[in-house]
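User: Hi! Could you walk me through this one?
Analyst: Happy to, here it is.
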Amino acid sequence: MPWSDNEDGLARCLARAGVTLASLRERCSEVIVFGSRAAGTDGANSDWDVLCVGDGATRRTRELDLVWISASSARHDAWTTGELASHVVTHGRWIVGSPGPWVPLVAITSQTVGRKVRWIQTHVDTWRRFWPRCSPQLRARYAETLRYNFLRLDYLLRYQAVPPRQSLDGRFAELSDTAEWSEAMAAVAEVRDDFVSRELLPRVCRSSG
């Protein structure tokens, strides 16, 4: 499909959220589509992921994730070493403007990896406390969330930008039967204990929750 057709689809999605593409062109120095829509791996139910460089409020709906960052904030380490920034630079499509001065600053560093490791540690600690009171459905959803974050960590540890979710599914298909991988991820994240081994990793490594 030509990208112009995709841009028409984006315009319709924005309109349903009360935003016009024309207004973004006026307010933003850059507008970048990222995620599966940019990579061409989207499906019928895929949402639109859009990064706007300028002054505005992030907006999320069922079909739209409209993320804003100011031009000054885009040059700070907190953004340039972030997981999302590296994904946008690697997989994004600029539909307004061109890559700004923040783009050459983007890098996956030990800070990037450290933030992902801490995210996993924090969430595992939280769910360790609440697990006994969780329904099977909630446990399955959490295991899926943790699975995708282990997969993202797998990319970041190799200093590679995290791809769209469909590519993560492909990576999981390669790794789902490899016990060594799941244990290595747990060790790197420093969350290896009986709860992780008995409750979490068996669910994380299943092809379905």
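User: How do S1 and strand S2 pair?
Analyst: S1 (residues 28–34) and S2 (residues 48–54) pair in the antiparallel sense, over six bridges. Strands here are DSSP runs of E with at least two residues, helices are runs of H or I with at least four, both numbered from the N terminus, and two strands pair if DSSP finds at least two bridges between them. This is a predicted model: local features need pLDDT of at least 70, side-chain atom pairs count only at pLDDT 80 or more, and totals for chains, interfaces and linings use all residues. Residues are numbered from 1 along each chain as its sequence is written, and side-chain values use heavy atoms, leaving out hydrogens and water.
User: Nice. What is the bridge partner of Val33 in S2, and in S5?
Analyst: Val50 in S2, and Arg93 in S5.
User: Switching topic: how many salt bridges does a search of the whole structure find?
Analyst: Nine, counting a side-chain nitrogen of Lys or Arg within 4 Å of a carboxyl oxygen of Asp or Glu. One of them joins Arg171 and Asp154 at 2.8 Å, N to O. Arg171 is in helix H8 and Asp154 in helix H7, so this pair ties together parts 17 residues apart in sequence.
User: Are Arg171 and Asp154 buried or exposed?
Analyst: Both are buried, where buried means under 20% relative accessible area, exposed over 50% and partly exposed in between (1.4 Å probe, protein chains only).
User: And which residues are linked in a network of salt bridges?
Analyst: Glu83, Lys116 and Arg152.
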